[in-house]
There are 2 protein chains.
Amino acid sequence: MMWKQFILNKKLYLLRNSNDNGRFQIFITDLLSLWTEDLSEEELLQRCKDMNPLHEASSEILIQRINELVELNSSEVKTTLTENKNEQLELGVSSYLKGVIFKIKFLLSLGSPEMFFKQMTSPLIRMVEELQERQNKLFDLLNKKDIEIDEYKMGGMKITRKNIETTPFCKEEFLKSFSNEHVEMPRKSICPITSFINNCNELYEECSKSIETAVETEEKIPEENLTTGLDSKTDKESTSPRKAKSKRGTGIVYEQGSDEDDETYFSIPNQAASTTSVKKEKSPTKKKRSRIQDMF
Amino acid sequence: MMWKQFILNKKLYLLRNSNDNGRFQIFITDLLSLWTEDLSEEELLQRCKDMNPLHEASSEILIQRINELVELNSSEVKTTLTENKNEQLELGVSSYLKGVIFKIKFLLSLGSPEMFFKQMTSPLIRMVEELQERQNKLFDLLNKKDIEIDEYKMGGMKITRKNIETTPFCKEEFLKSFSNEHVEMPRKSICPITSFINNCNELYEECSKSIETAVETEEKIPEENLTTGLDSKTDKESTSPRKAKSKRGTGIVYEQGSDEDDETYFSIPNQAASTTSVKKEKSPTKKKRSRIQDMF
């Protein structure tokens, strides 16, 4: 599901829910922190029945109604948000259904830095990567158009409507004109949450999917030997907010394998090795390392 | 300064330093957390002299040497990183200078969520916005090329080298072909830190600059009534790591003004108002609000 923005208590938030493998997950972020609740469908249904004893409907219809509620796309849907002492957010969503209130409540716990990385930072980096790839492809297409236009011109063809004649595309000038605009024009959207909704939302699902695939396939590409950060156990923990703890500093660990000598540095992938700052850390000898450590 | 990547203790990190207004700031991130130290030039020089009593040089040259060290762009530069109990990182950087070790140490404290937002999340969102704008401009340029090519074709011009003839550009097909590639091809860089260095670094400085401008000019654009998140006091705190505390939940507050009635909802900018989920929160009456609150 796409992120939806909403304002409560003068603050802007993004909300997203997902329904996968019989589990219902809900995420709220203010782009600083991320809160989440992860429920089984049974737990969600029980809560729904407890809160709406007058509503009689099948499980499927109840689940569907909850999903409609958290889509926040009807003006009839009302939301409340309270923060309690344990860094938890209590989200209430409700709407009138045939004159009777239908409501559901979520208790969202503060997610770990790993979860913020997985839900926000990592998809954003993938989006930039994706858009840079597209940009290169578009540069390439423009150059091909110019070659074709040159061919017509060399064939002696003159254009009658001068106003539709284009100047040859120059990547450097294009990029320069954009950075000049930055200086001269105030930004269109200075609010990052609005900018996220307008510019990132469409790409989000695709880009967060490819990350999950990368995490899942990490075991299958031994020649890469790279994980997107978390070993599979940690990763499962971070998707389950009830277990998620703030493990600052756990970081993105690049393990070569459990049978690996602790002293051996991990070999760097080709792309990373092209930067000098990484190259120099490639397989230093034990002697060299202890010498470095002696320095401090 | 650009972010540099380095591997230490099997973990990949990004490092960046800045030298502004007589202050030296250093940032390290693993994309989950951000650590920082902020020193005055005097403090930095004193530390440098304490650690390198044998090096005699002017203040300017010492500062220059430290900057060269933290650029990490020589294979002679050695780095160490230790994590201590107070969530602090100790970074040691050293290099041999005419046969004598020249070294400096930094004690970086864990930054607040606000600082991570300012240094990482917010620039990333700006990058996506910038790249989307560029993409739209490139789509537009391609359509103009096609109009020109059409004009030649309608003039009866035939191309001799058929292989340089292009097909008319179609935005939808272009985007579709890219999402198909996603499914069929494994991602080129599955490591987010490497992807950041390869795809985000060039845009970073520009995009983090425009954010700072937006924050600074917030008082000057009353018709927008939006801040990029932090009121000016909080913002200053978050740039000074010694004062920075983890204030989860402080969030991005959209204040209309201090003389504002607490009960009045903040008006939404045009862009935000185009999403239905926000529209409905626009100026509900007090009566409506208390009704919502009664629901829970």
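These legends go with several close-up views of a predicted model.

Local features are kept only at pLDDT of at least 70 and side-chain atom pairs only at pLDDT 80 or more, while totals for chains, interfaces and linings use all residues. Residues count from 1 along each chain as its sequence is written, chains are lettered from A and ligands numbered from 1 in the order written, and side-chain values use heavy atoms, with hydrogens and water left out.

**View 1. Chain A as a whole.** Chain A has nine helices and seven strands; helices (H or I, at least four residues) and strands (E, at least two) are DSSP runs, numbered from the N terminus. Of its 296 residues, 52% count as buried, meaning under 20% relative accessible area, with exposed over 50% and partly exposed in between (1.4 Å probe, protein chains only). Take the contacts (heavy atoms within 4.5 Å) in chain A with a separation of 6 or more: residues 24 or more positions apart account for 54% of them.

View 2. An unreviewed UniProt entry puts "domain: XLF-like N-terminal" at residues 2-109 of chain A. That stretch is 21% helix and 50% strand, with its end C-alpha atoms 20 Å apart. From UniProt, again as an unreviewed entry, comes "domain: XLF-like coiled-coil region" at residues 112-158 of chain A. Here the chain is 89% helix and 0% strand, and the end C-alpha atoms sit 64 Å apart. UniProt positions follow the numbering used here, feature names are shortened, and annotations may be inferred rather than shown by experiment.

**View 3. Helix 1 against helix 2 in chain A.** Two packed helices are described by the angle between their axes and the distance between the axes. In chain A, the axes of helix 1 (residues 41-51) and helix 2 (residues 59-70) come within 10 Å and cross at roughly 85 degrees. That makes the two helices of chain A roughly perpendicular (65 to 115 degrees; under 35 is roughly parallel, over 145 roughly antiparallel, the rest oblique). Axes are lines fitted to C-alpha atoms, for helices over the stretch in contact, and angles run from 0 to 180 degrees between N-to-C directions. On the helix 1 side, the residues in contact are Glu41(A), Leu44(A), Leu45(A), Cys48(A) and Lys49(A); helix 2 brings Ser59(A), Leu62(A), Ile63(A) and Ile66(A).

**View 4. The largest nonpolar core.** Such a core is a set of buried Ala, Val, Leu, Ile, Met, Phe, Trp, Tyr and Cys residues joined through side-chain atoms within 4.5 Å. The largest has 50 residues, and those with the most contacts inside it are Trp3, Leu124 and Phe196 of chain A and Trp3, Leu124 and Phe196 of chain B. Among the elements giving two or more residues to this core are helix 3 (113-154) of chain A and helix 3 (113-154) of chain B. Leaving out residues up to four places away in sequence, Trp3(A) touches a list including Leu14(A), Phe27(A), Met120(A), Phe196(A) and Tyr204(A).

View 5. Leu203(A) belongs to helix 5 of chain A and, at 4% relative accessibility, counts as buried. Leu203(A) and Val128(A) are 75 residues apart in sequence, yet 9.9 Å apart C-alpha to C-alpha. Not counting residues up to four places away in sequence, Leu203(A) touches Met127(A), Glu130(A), Leu131(A), Arg134(A) and, from chain B, Gln132(B).

**View 6. Ser94(B) in its strand.** Ser94(B) lies in strand 6 (residues 89-97) of chain B. Its relative accessibility is 0%, so Ser94(B) counts as buried. Ser94(B) and Tyr152(B) are 58 residues apart in sequence and 64 Å apart in space, C-alpha to C-alpha.
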